[in-house]
Amino acid sequence: MSVLRFCPRCALELTTRPDGGRDRLACPDENCGFVHFGDFSIGCAGVVMREGRALLVQRGWQPFAGSWQLPGGYVEHDEAIAEAVEREVLEEAGIEARVSDVIGFRHSLGGSIGGPSTNLYVVFRLDTEDGREPSFDNDEITGAGFYSLAEMAQMEAVQGLSRWAIEKALATGRGSGLQPESGASSALSRGRPGWRLFGLQPPGGL
Ligand SMILES: [Zn+2]
């Protein structure tokens, strides 16, 4: 296990100091001010339904090569999460879709420093009017298609988290989850570049 030893901003050797009730790796140079709060990542995935079937892709790469899952991936640090999931659905399955609402999320705690990062994985429902057949690169992704729950039951290695999200999507109405704020409700984020609020909306919208 590797441990962060040097400041990523100024390359001084890190020390520990109490911050927020626990000891943290920190830069000894107060002008630098770097504090290591941990290793975090954000993931996203999309449930895209067509005539009662959900879009799945087959992993070509390890880990879990050959298994089927929702299209998705990591959110870049300078990328809006809704754009990230739309990008991943297009990149992995060749389907144009737009975010509707949030179905759920998983919070998984990573190991200590140097281990897997603590991850927030947000699953969205997306709308599509794209009638094309799914397409894929046959490298990172080796299959893509729309499948019913009954069909998934006959497939090997459908990721449990993907099935969980598809079942949630089938059991709830479009827009019943957290939706990107727009119009009058977005006043709080107006003038704050990089902000995007997601909130519950009353039935029928605002
Ligand atoms: Zn520093």
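1. Of the 206 residues of the protein, 26% count as buried. A residue is called buried if 20 or more other C-beta atoms lie within 10 Å of its own, exposed if 12 or fewer do, and partly exposed in between, with C-beta atoms placed from the backbone. This is a predicted model, in which local features need pLDDT of at least 70 and side-chain atom pairs count only at pLDDT 80 or more, while totals for chains, interfaces and linings use all residues. Residues are numbered from 1 along each chain as its sequence is written.

2. The protein has 3 helices and 11 strands. These elements are DSSP runs numbered from the N terminus: helices are H or I runs of at least four residues, and strands are E runs of at least two. Read from the N terminus, the order is β-β-β-β-β-β-α-β-β-β-α-α-β-β. The C-alpha trace spans about 60 × 45 × 25 Å along its principal axes.

3. The domain assignment gives domain 1 (1-37) and domain 2 (40-175); such bounds come from an automatic or database assignment. Between the C-alpha centres of domain 1 and domain 2 the distance is 36 Å.

4. Among contacts between residues at least 6 apart in sequence, 58% join residues at least 24 apart. Two residues are in contact if their C-beta atoms, placed from the backbone, lie within 7 Å.

5. Strand β8 (residues 118-127) has two pairings to check. Strands are said to pair if DSSP finds at least two bridges between them. With β3 (residues 40-50), β8 pairs in the parallel sense over 9 bridges, and I42 has L120 as its bridge partner. With β7 (residues 98-108), β8 pairs in the antiparallel sense, also over 9 bridges; here R98 is partnered by D127.

6. Is strand β4 largely enclosed or open? It is largely enclosed by the rest of the structure, because 5 of its 7 residues are buried. β4 (53-59) pairs with β3 in the antiparallel sense over 2 bridges, where M49 stands opposite A54. The hairpin of β3 and β4 has 2 residues between the strands, and E51 in this hairpin takes a positive phi near 50 degrees. β4 and β9 run antiparallel and are joined by 6 bridges, with V57 opposite A144. β4 also pairs with β5 in the antiparallel sense over 2 bridges, and the partner of Q58 in β5 is W68.

7. The largest nonpolar core has 32 residues, and those with the most contacts inside it are C44, V47, V48, V85, V123, F124 and L126. A nonpolar core is a set of buried Ala, Val, Leu, Ile, Met, Phe, Trp, Tyr and Cys residues joined through C-beta atoms within 7 Å. Two or more residues of this core come from each of β3, β4, α1 (81-93), β7, β8, β9 and α3. The largest share, 6 residues, is given by α1. Leaving aside neighbours within four places in sequence, F124 is in contact with C44, G46, V85, V99, V102 and I103.

8. How does the length of helix α1 agree with its residue count, and what span should its 13 residues have? At 1.5 Å a residue, α1 should span 18 Å, and its end C-alpha atoms are 18 Å apart, which agrees; the expected span is 1.5 Å times one less than the number of residues. The buried residues of α1 are I81, A82, A84, V85, E86, E88, V89, E92 and A93. After α1 comes G94, whose phi is positive, near 70 degrees.

9. Some backbone geometry deserves a look. Most residues other than glycine have a negative phi, and most peptide bonds are trans. A cis peptide bond joins Q62 and P63, with omega about -5 degrees; P63 lies in the loop between β4 and β5 (68-69).

10. Two further loop residues have positive phi without being glycine. N138 has a phi of about 60 degrees and lies in the loop between β8 and β9 (141-147). N138 counts as exposed because it has 9 C-beta neighbours inside 10 Å. A157 has a phi of about 55 degrees and lies in the loop between α2 (149-153) and α3 (160-171). With 13 C-beta neighbours inside 10 Å, A157 counts as partly exposed.
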